[in-house]
Amino acid sequence: MAVADRQILAYSGVLDAGPGGPGSFRLVQHALSLAAADGPVRVCYLPTATGDAERAVDGQTARFAAAAPGADLTVLRLFPQPSLPGVRAHLLRQHVIL
């Protein structure tokens, strides 16, 4: 992926919309559809807005399993330290960073 091909799609997410409530996962699916991937779309989820809350990680993992099963989802926790080695390299390999 060339640097010129990268885009930012900013939105405000809804962690737990509840039954019938407005959710934001359709926007995530739209971002996935824009990714020019030659295989599974690589997505890295950074749950830092919720302090890496396990509830947030579990919720996103379940959403991806149900609504985007072809995506390759990783989770990068930053509290208290990064959960993945080589953070910069990992992020640069992703199609979508959420």
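Modeller: A crossover is called right-handed if, with the strands pointing away from the viewer, the path from the first strand over the helix to the second runs clockwise. In this predicted model, strand β1, helix α2 and strand β2 form a β-α-β unit of that right-handed kind. Strand β1 covers residues 42–45 and strand β2 covers residues 72–75, while helix α2 spans residues 54–67.

The two strands of the unit run parallel and are joined by four bridges. Within this pairing, valine 43 faces leucine 73 of β2. Strand β1 also pairs with β3, again in the parallel sense, over two bridges. There, valine 43 stands opposite valine 96. As background, strands of a sheet pair through backbone hydrogen bonds, either parallel or antiparallel.

In soluble globular proteins, nonpolar side chains tend to be buried together.

Tyrosine 45 illustrates how these parts meet. Leaving aside residues up to four places away in sequence, tyrosine 45 touches Ala56, Val57, Gln60, Leu73, Thr74, Val75, Leu76 and Leu98. One of these, glutamine 60, belongs to helix α2. Glutamine 60 has a relative accessible area of 11% and is therefore buried, since buried means under 20%. Beyond its neighbours within four places in sequence, glutamine 60 is in contact with Phe25, Tyr45, Leu73 and Leu98.

A search of the whole structure finds one aromatic pair. This pair is formed by phenylalanine 25 and phenylalanine 64, edge-to-face, with 5.1 Å from centre to centre and 90 degrees between the planes. It links helix α1, which holds phenylalanine 25, to helix α2, which holds phenylalanine 64, across 39 residues of the chain. Both partners are buried: phenylalanine 25 has a relative accessible area of 13%, and phenylalanine 64 has 3% relative accessibility.

As to confidence, the mean pLDDT of the chain is 84, and 87% of its residues reach 70 or more.

How values were computed. Residues are numbered from 1 along each chain as its sequence is written. This is a predicted model: local features need pLDDT of at least 70, side-chain atom pairs count only at pLDDT 80 or more; totals for chains, interfaces and linings use all residues. Side-chain values use heavy atoms; hydrogens and water are left out. Two strands pair if DSSP finds at least two bridges between them. Contact means heavy atoms within 4.5 Å. Buried means under 20% relative accessible area, exposed over 50%, partly exposed in between (1.4 Å probe, protein chains only). pLDDT is the predictor's confidence in each residue, from 0 to 100. Rings of Phe, Tyr and Trp (its six-membered ring) pair if their centres lie within 6.5 Å; planes under 30 degrees apart count as stacked, over 60 as edge-to-face and the rest as tilted.
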